[in-house]
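My entries follow in the order I made them.

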Amino acid sequence: MKLTRRCFLAGGSAGALALFASPRLVSARGLLTEPKLDDLVKRALGAATRAGASYADVRVVRFRRENVATREDRVERVASTEDYGVGVRVIAGGAWGFAATPSVTAADAERVARDAVTTAKANASLMKKPVALAPVPANVDVWQTPLTKDPFKIPLEDKAELLLAINREAMKVPGVKFATSQYSAIAEWKLMASTDGAYLEQEITRLGPGYQVTAVSDRHGEFESRDYQLPPRQAGWEYIEAAPMVADARRVGEEAVAKLKAPSVSPGKKDLILDPSNMWLTIHESIGHSTELDRAMGYEANYAGTSFATPDKRGKLKIGAPILTFFADKTTPGGLATCGYDDDGVATQKWNLIEKGVFVNYQTTREQAGWIGETASRGTCYADSYASFPFQRMPNVSLAPGPAERSIDDLIAMTDEGVVIIGNGSWSIDQQRFNFQFGGQVFWEVKHGKKTRMLRDVAYQANTIEFWNSCDAIGGPKSWWLGGSLSDGKGEPGQVNSVSHGCPPARFKQVNILNTNRRTT
């Protein structure tokens, strides 16, 4: 949701000169901005320019994090943290420089601005090619998560009691021995300004509740668990209040018990039907990471490796079946990566990564756009702290639904023999985002268009191109569901990004189904 405020630059195109000439950077207050921050921003950008920066941006960032964890009838952990500081990023001599401080004063902001320029000049001697930024309008705006109830104003006692109520319900199921539940919240406030004229204030609120129920067989000593995770969202406390977490607890417990009694899957090639609660992670790992441009060009390999989707394949590689279009979107309502502007000051947008099965585009920043001959950034620059350097991070990456309404039950009815997988389990993927294996939470056998019995020890194995090309049916708009993660890692030093992935259910023909425990009873 955008809350446009009166532009602080007369005419909007005066750029950096107007920043330094103006006695006040803004004439209308945003969400939390204090008047002294206007002076801090002006002085930091001015210090960077005087020291020799051809470009500079400053970010004042406050992160608040809250976590509550319980087990059965007790609270095991309560944590509340906050960090607040200033980071300054510059280009000098054609190279990047960066410095940060937890001291939010104008004097310290000027100091780190000069330090950033010194670092950039030292880096310049190592540069083979100077940094070039794609142009961007001088955006001046305020953006915030639409919400009714601020979750940070809800008493911790209420949050703990909700989690304990979930545990109590789950423990009522015979055979359930353990129940754990947890709640996380993140509030991110950011003021970003640049010598290109950006002045942007954003406040983002993210929530992530979930629980796990474990059933134990007293006779055999075996155990099975069932995770329940309300998809993390950018939302207010009203999202938690409306969720059926307590009401679902007994069902989740019953499914954990049923897994104990389920037969082990017979491995082999089978039709596979994926619920969105499972498939979002497969999208994240095989499509989301493979279309990050820095990975594709070999400039980034930490956490998730590089990518098979190299620039020479753009517009040519058939990654999936023609019914599949994957899109990136930092404007998806409720999406964890949704915001108004990225950390380059670029307005966020939606665009296709894979169109009718063909790989067509990447995720880019202002610096990266020119690497592949584009004239504008896709708006995917982000840093997870005032003390972190902003770089390319994954937007919400999703699979578009099919045009016709079709549910997972319809896909089951279309299938003569196969397996249904619900929820996420263990997984692995290689360093090219190509060969992979994914498990799940709940597995059902399908015979002659009907679910017949629960299974266990199920995983599916494929490579990215083989897998997505085997898709022959997908759900419609009403079946589209948004999953995601609060903590996707990238970089060195590592940074964490929150990101969502939406998709309908889908069917895949003759996928290699593994038995992860080789049981036959």
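**Cysteines.** I looked for disulfides, meaning pairs of cysteine sulfur atoms within 2.5 Å, and the structure holds 0. Cysteine 339 is in no disulfide; the nearest cysteine sulfur belongs to cysteine 381 and is 10 Å away. I also checked its cover: cysteine 339 has a relative accessible area of 8% and is buried (under 20% relative accessible area is buried, over 50% exposed, in between partly exposed, with a 1.4 Å probe and protein chains only).

**Basis.** This is a predicted model, in which local features need pLDDT of at least 70 and side-chain atom pairs count only at pLDDT 80 or more, while totals for chains, interfaces and linings use all residues. I number residues from 1 along each chain as its sequence is written, and side-chain values use heavy atoms, with hydrogens and water left out.

**Largest pocket.** I took a pocket as an open set of points on a 1 Å grid over the protein atoms alone, where a 1.4 Å probe fits and protein lies on both sides within 12 Å along at least five of seven lines; lining residues have an atom within 4 Å of a point. Points are joined across faces, edges and corners, and the volume is the space filled by probe spheres set on them. The largest pocket holds about 940 Å³ of space. It is lined by 29 residues, and Trp96, Tyr299, Glu367, Gln368 and Trp371 are the closest to its centre. I sorted this lining into 13 nonpolar, 8 polar and 8 charged residues (nonpolar: Ala, Val, Leu, Ile, Met, Phe, Trp, Tyr, Cys and Pro; charged: Asp, Glu, Lys and Arg; polar: the others, Gly among them). α9 (366-369) and β14 (391-392) each supply at least two residues of the lining. Helices (H or I, at least four residues) and strands (E, at least two) are DSSP runs, numbered from the N terminus.

**Second largest pocket.** I found about 600 Å³ of space here. Of its 30 lining residues, Gln229, Trp280, Gly484, Ser485 and Ser487 are the closest to the centre. Which strand gives the most to this lining? β23 does, with 6 residues. Other elements that supply at least two residues each include β5 (176-194), β6 (199-216) and α7 (276-288). The lining divides into 11 nonpolar, 15 polar and 4 charged residues.

I checked its cover and its span.

**Strand pairing.** I counted two strands as paired if DSSP finds at least two bridges between them. β9 (268-274) is mostly covered, with 5 of its 7 residues buried. It runs antiparallel to β25 (506-515), joined by 6 bridges, and glycine 268 stands opposite isoleucine 513 there. With β16 (417-422), β9 pairs in the parallel sense over 4 bridges; leucine 272 has valine 419 as its bridge partner.

**Open sheet.** I traced 4 strands in the order β12-β11-β10-β15, with antiparallel pairing. β12 (358-359) and β15 (396-399) are the edge strands, each pairing on one side only. β10 (326-329) and β15 share 4 bridges, and phenylalanine 327 stands opposite serine 398.
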